[in-house]
Amino acid sequence: MKRAPARGWPSTIVGIALLALMLFPVYWIVNASLQPAGNTLRGGWFPFHPDLSGYLTALRDQGGNLVTSLVVALGSVALSLGLAAPAAYALAQFRLRGTNLVLFGILVTQMVPGIVVANALYSAYTDLGLLNSYLGLILADSTAGVPFAIIILRSFMRSIPREVIEAAHVDGAGRLRVFRSVVLPVSRNALITAAVFTFLFTWSDFLFALTLTTTQTVRPITLGIYQYIGAHTNQWNAVMATTVLASVPAALLLVVAQRHLAAGATSGAVK
Amino acid sequence: MPSRSRPVTDPARARCWERLAQWMYIVPAAAYLLLFFGYPIAKNIVMSFQQYTITTFYTGAAPFVGLQNYSKILASDLFSKALLTTVLFTAGSIVGQFALGLAFALFFQRRFPLNGVLRSLLLLPWLLPLVVSGTAWRWMLDPDTGVVNAALRALRLSSSGIPWLTGTSQALVSVILINIWVGIPFNTAILYGGLQDIPRHLYEAAKLDGAGPLASFRHVTWPLLRPVVSVVLVLGVVYTVKVLDIILVVTGGGPAGATETLATQSYELSFQQFEFGRGAAMSNVLIVISLAFAIVYLRANRRARNV
């Protein structure tokens with residue numbers, strides 16, 4: 001550890017330069033969001049006189065949509081983990097005959113374009129009265145979370161030693177009890193990873209917001225931004241302030257749950 | 001406690017109950033997947049043979065029209081153009097994401113201070129909502145007021161600026177570049193993971209044999225990374241053919257349909273022209289393409305597991 005830094009600094013400088021290039025768009029929306037309303041388009045390279053009016057406008061116009069996105073995302077996390085955790089446990093630990101078929105089905109879901117789901121759900125939701133509803137969006141948005149959470153959780157739960165579970169059974173715990181008080185606590189990290197990704201998937205969803213809502217009543221922030229740029233191209237500071245606000249969860253989770261994000265990226269893809 | 005003693009006396013029945021209880025863990029998730037993936041797939045196939053339009057929602061009538069939706073789609077100029085755009089968009093995105101992702105992954109193989117911090121910061125573009133990234137790029141690439149053209153003018157690389165989003169040939173290049181930017185972090189993360197799994201001593205052995213960095217990449221890194229590479233590429237294709245958000249936000253399919261892909265076409269047929277039957281037919285074509293790659297993916301995955 002002591003030798004490496006002395007040799008490594010040139011690489012660090014190159015790395016910082018590359019990162020600065022990659023993250024420039026993020027800097028640029030932050031910069032734009034802090035410009036005054038009028039001259040945004042010719043705004044400087046640096047917000048020397050930060051102006052928060054963009055944020056005020058954004059919160060006034062889009063605050064409700066941010067809350068909607070939060071409700072839908074949290075709902076989807078609860079639903080996805082609630083469905084995925086028991087299924088992942090069964091697929092990992094019980095030797096059931098249909099396991100491979102279920103796993104194949106889960107793999108196939110990854111190939112289904114969202115537009116196919118939206119196409120069919122639109123008419124079904126019209127009949128069921130689920131258009132423009134929180135429940136409708138939560139159910140549709142979980143199409144990303146459920147399969148992903150099963151994949152992540154199953155690959156972790158397979159590594160729980162059988163002896164641990166059998167020991168709990170010997171101690172007299174029922175199946176449900178073992179699941180609740182042994183399997184779930186042991187899988188804490190995998191559960192957090194699955195929750196973080198499900199949250200981000202749902203928060204970022206655009207397609208279902210676009211197709212399964214038709215009125216203002218339930219409008220996620222992504223759709224709010226999309227319609228904002230259509231209508232308010234002269235108020236770029238407010239548009240950009242909204243995009244910054246919509247990026248907060250991603251940035252926050254990157255800081256708080258960094259380890260889980262890297263783990264999710266790799267295990268979700270290869271396993 | 002009669003309910004407890006009965007299973008003991010009848011072991012076959014007890015095993016049956018046991019099985020059933022175990023399946024109850026899977027049933028809710030399986031039911032969800034069937035309702036939200038199985039049903040839509042089946043419904044799409046049925047819809048694609050129907051004249052399913054806005055009137056269907058009022059009258060409930062969706063007459064069967066056989067293959068008419070498919071023949072209409074396949075015959076239109078838009079389809080072949082959208083297909084070509086989809087192929088170019090996917091190929092361009094994948095090649096760019098992979099090459100740059102691999103370069104980043106190799107770079108992060110080095111040991112230097114702040115490596116971990118920089119590597120996780122790199123994930124940010126991938127974590128942002130696509131609508132946010134699309135909006136940021138749309139604004140940066142604006143031909144008149146965008147920062148990219150302003151920089152090009154300031155550096156005297158281009159006096160008039162490049163019509164990034166308004167030129168018919170430039171717009172496709174722009175959305176590909178944006179999608180590459182979005183995909184680099186994911187490629188880097190997975191390829192970096194793959195590189196970390198290669199045993200260090202193999203590099204040392206190659207070095208002892210007199211292999212330079214290029215030779216050790218060709219003979220050590222690449223062959224051992226192959227399984228991960230195939231997974232990354234096929235996953236990339238499967239995810240990229242269905243990309244919709246970026247294109248809708250940045251160009252809306254324009255100018256003059258230059259950035260229409262099969263996915264955006266399907267969206268427009270269904271949700272703007274309310275030709276759900278034709279939209280469904282179009283998205284079924286998309287499924288077939290994805291499925292073809294799914295088979296490749298499964299094979300690649302199996303091979304990866306065997307290695």
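Let me start with a term: two residues are in contact if their C-beta atoms, placed from the backbone, lie within 7 Å. Hello everyone, and keep that in mind for later.

What we have here is a predicted model, where local features need pLDDT of at least 70 and side-chain atom pairs count only at pLDDT 80 or more, while totals for chains, interfaces and linings use all residues. Residues are numbered from 1 along each chain as its sequence is written, and chains are lettered from A, with ligands numbered from 1, in the order in which they are written.

Now, chain A. It has 13 helices and zero strands; helices (H or I, at least four residues) and strands (E, at least two) are DSSP runs, numbered from the N terminus. The C-alpha trace of chain A spans about 70 × 65 × 30 Å along its principal axes. Of its 271 residues, 49% count as buried, meaning that 20 or more other C-beta atoms lie within 10 Å of the residue's own, again placed from the backbone. For contacts in chain A between residues at least 6 apart in sequence, 77% join residues at least 24 apart.

On to chain B. Its domain assignment, automatic or from a database, gives domain 1 (1-47) and domain 2 (68-306). The C-alpha centres of these two domains of chain B lie 40 Å apart.

How values were computed: A residue is buried if 20 or more other C-beta atoms lie within 10 Å of its own, exposed if 12 or fewer, and partly exposed in between; C-beta atoms are placed from the backbone.
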